[in-house]
Structures are given as structure tokens and as C-alpha cells.
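This report covers helix packing and backbone geometry in one protein model.

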Amino acid sequence: MRSTAGLFWLAMCAAALFAADAPRVTYSKSFPGSVPAYVEISVDRTGATVYKEDPKDDHPLEFQMSEADAASIFGFADRLGHFTHPVESGLKVAFMGAKTFRYEGGDGGTHEVKFNYSEDLDAKTLLDWFERIAETERALIGLETSVRFDKLGVQDAILRIEVLRDQKRVVAEEQFLPLLDRVVKNESYLHMARSRAAALAESIRAPK
């Protein structure tokens, strides 16, 4: 009879193998001179998402997207044939960053497609999904930086989140709650900033 510790170890190994084999859609963009100059976002079918601004980042931002949002991303990847054919428009347009869509796992292989600009509607919609994720994480980084180092800038950071939210550009908005709650509970922040943080947190927590 196997010990409880042994069974736990086997379960952990099985979970790790399952996660490694889980299909994953990854987007990356390299655009020197822009801020950030590099972005990489990976999403698996469960909605587990990783955001990097450096390919060598050992401590990326990680958050949980809803399974419905993840299913939408995978749906566009499916319609694009898991990136087995070109999506580049071929038109002479300005350079807007070297972009890559990559599909890993599920079908037993890895496929990727590189492009600058695409007129394919599915590719454009998938790109917009990843741009929304990047905008959300940049806003989160901005809020965290203000909370830690610039208390007078917290209100502006929250306002930027509110603007993105009003424009339907925020993904997995619950990830803002720990920082917003920290502002609300700390009287060293401006009263106006704390009030705005409380209102935004309450709106995020409200039943959808």
C-alpha cells in the first residue's frame, strides 16, 4: 500500500505533466522604441495567463482569465488553423512591431505565424484580445508602482483603469482588487484616491 506522501507526489507529477501537455496560445510582439519594447502573453485552456515584458523574465505576472474568455481566444486560434498558414496582409504599411502567434500542444505539435499587419478578421480580433490583456497589465503595473512609490499618483493610476474599463478594454479585472483594497485601508493615501479605489473595487465585486 502506497503512503499518503507517495500518492501526493504522484498526483503532483501527474498534474505537472497535464499542465505541460495542455494546449497553449502565445502572442509576442517586439517593437524597439515603444513602451514596452517587448510583450509576451501565454494563455492555456483553463484561462491561466502569463504576461512578460522580457523574454528572460523569471518572475512574470500571472493571473486567471475566465474560462469563457480563454475559450474565445482558443476559438480564434482554431479558426486560424492553429497558425499553420500566413496572416500577413502583404500591404506596404508602416512597421507596427514584429508579432507572432504560436499554438502549442493539443494536436501534437507547435505552429507559429509571424506578421506585421493583417487584414484577416480573425487574426485582427485575436490580436485585439492580446492588446487588451497588455493594456490591462500595463495599468496594473502602473497602479502597483504608484501604490509603492508615488502615493500622489495613485488617483491618476486608478483613473486610467476606470477609463480602460469604460472602454471595455480590461481583462480579468479582479486582479486589481488586492491593490485597490490596500489603498482603501491605508489612510496615508489621499482621501479622494481612497474613495475612488473603494468605488472601483465595489463595482468590480458587484454581481455581473
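The model is predicted: local features need pLDDT of at least 70 and side-chain atom pairs pLDDT 80 or more, while totals for chains, interfaces and linings use all residues. Residues are numbered from 1 along each chain as its sequence is written, and side-chain values use heavy atoms, without hydrogens and water. Helices (H or I, at least four residues) and strands (E, at least two) are DSSP runs numbered from the N terminus.

The packing angle of H3 and H5 is about 30 degrees and their axes are 10 Å apart; axes are lines fitted to C-alpha atoms, for helices over the stretch in contact, and angles run from 0 to 180 degrees between N-to-C directions. Leu140, Leu143, Glu144, Val147 and Arg148 of H3 meet Leu179, Leu180, Arg182 and Val183 of H5, contact being heavy atoms within 4.5 Å.

The buried residues of H4 pack against H3 (121-149), H5 (177-185) and H6 (191-205). Among them are Val154, Ile158 and Leu164, buried being under 20% relative accessible area, exposed over 50% and partly exposed in between (1.4 Å probe, protein chains only).

| Residue | Phi | Relative accessible area |
|---|---|---|
| His82 | about 55 degrees | 17% |
| Ala172 | about 55 degrees | 15% |

His82 is in the loop between H2 (67-79) and E5 (98-104), and Ala172 in the loop between H4 and H5.
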